[in-house]
Amino acid sequence: GDAPLVIAGDIHYDQHYLQGSIDDLLVYNRAITLGEMDSLYRQSGWTEHAQIAHYTFSGNTDDSGMYQNHATNNGATLTVDRFGNNNSAYHFNGTSSSILSPLDCPQDTVSISIWLKPESDREQVVAGWYQNNSLYDDPLYLVESSGRYYSKFFTTDEVQGSVDLGVIGSEWTHLVSIFAGD
């Protein structure tokens, strides 16, 4: 598409690649509720009609959702997931690996649920949409400062704010971001 979803890479600046692992990424075409977030955390996901992509990363980058938005792996390596299953998550080297999904940037509200295990305390992209090699809309950045992580959000290359995510450390952490459309 014109504005694909980039997972763990920063094709705009070529410097904020994620160093760490990602397991189970879901994208919904609406704002999910607190109850649904809790269900995603406790039950590791569910299937329902508003899900537009589901990357389980169980041996590949295929979308197990109904729309089949299969992604392309660009140098990420399979690793152990949050449950200890081999080849069921992807590890990113922090310098060049990413996953590219053909899922276009939604024009309306979108929710992203992701399991993350960071290994670096530098600024890095978890996921974001890009168009023509430049930032298109609201990437999910992680920024570490004094042992705490923050999510920065942007519109057209300008920082609009940040949210304190607390201390993540090197454990698997569930993040949910909801982006409101225009």
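Residues 24 or more positions apart account for 62% of the contacts in the protein chain with a separation of 6 or more; contact means heavy atoms within 4.5 Å. The model is predicted: local features need pLDDT of at least 70, side-chain atom pairs count only at pLDDT 80 or more, and totals for chains, interfaces and linings use all residues. Residues are numbered from 1 along each chain as its sequence is written, and side-chain values use heavy atoms, with hydrogens and water left out.

The secondary structure of the protein chain comprises 1 helix and 13 strands. These are DSSP runs, numbered from the N terminus (helices H or I, at least four residues; strands E, at least two). Along the sequence the pattern is β-β-α-β-β-β-β-β-β-β-β-β-β-β. Of the 182 residues in the protein chain, 49% are buried. Buried means under 20% relative accessible area, exposed over 50%, and partly exposed in between (1.4 Å probe, protein chains only). The protein chain exposes about 8,400 Å², of which carbon and sulfur atoms supply 45%. Accessible areas come from the Shrake-Rupley method with a 1.4 Å probe; for residues, only the protein chains shown count as cover.

Strands β2 and β3 run antiparallel and are joined by 4 bridges. Two strands pair if DSSP finds at least two bridges between them. V27 has A53, in β3, as its bridge partner. Strand β3 is mostly covered, with 5 of its 5 residues buried.

The largest nonpolar core has 28 residues. Such a core is a set of buried Ala, Val, Leu, Ile, Met, Phe, Trp, Tyr and Cys residues joined through side-chain atoms within 4.5 Å. The elements giving two or more residues to this core are β1 (4–7), β2 (19–28), β3, β6, β7 (98–104), β8 (110–118), β9 (124–131) and β13 (173–179). Strand β8 supplies the largest share, 4 residues. Within the core, the residues with the most contacts are I7, I22, L25, V27 and F92. Beyond four places in sequence, I7 touches I22, L25, F57, F92, S98, I99, V126 and A127.

I99 lies in strand β7. At 0% relative accessibility, I99 is buried. Leaving aside neighbours within four places in sequence, I99 is in contact with L5, V6, I7, F57, T61, A71, T72, N73, A76, Y90 and F92. One of these, A76, is 23 residues from I99 along the chain, and the C-alpha atoms of the two are separated by 7.2 Å.

A search of the whole structure finds 3 aromatic pairs. Rings of Phe, Tyr and Trp (its six-membered ring) pair if their centres lie within 6.5 Å; planes under 30 degrees apart count as stacked, over 60 as edge-to-face and the rest as tilted. The rings of Y55 and F57 are stacked, because their centres are 6.1 Å apart and their planes are at 15°. Y55 is buried, with a relative accessible area of 0%. F57 is also buried, at 0%. F57 and Y90 form an edge-to-face pair, with 5.4 Å centre to centre and 90° between the planes. F57 lies in the loop between β3 (51–55) and β4 (72–74), whereas Y90 lies in strand β6 (residues 89–93), so the pair ties together parts that are 33 residues apart in sequence. Y90 is buried at 5% relative accessibility. Y55, F57 and Y90 form one aromatic cluster.

Two polar residues were also examined. D23 lies in strand β2. D23 is buried, at 3% relative accessibility. A polar contact of 2.6 Å joins the side chains of D23 and R82. A polar contact is a pair of N or O atoms within 3.5 Å; within protein, one must be able to donate a hydrogen and the other to accept it, and residues adjacent in sequence count only if both atoms are side-chain atoms. Not counting residues up to four places away in sequence, D23 touches T56, F57, D81, R82, S88, A89, I114, W115 and W172.

S97 is placed in the loop between β6 and β7. S97 is buried at 1% relative accessibility. A polar atom of the S97 side chain lies 2.8 Å from the backbone nitrogen of N93. With neighbours within four places in sequence left aside, S97 is in contact with A8, Y17, N74, G75, A76, H91 and F92.
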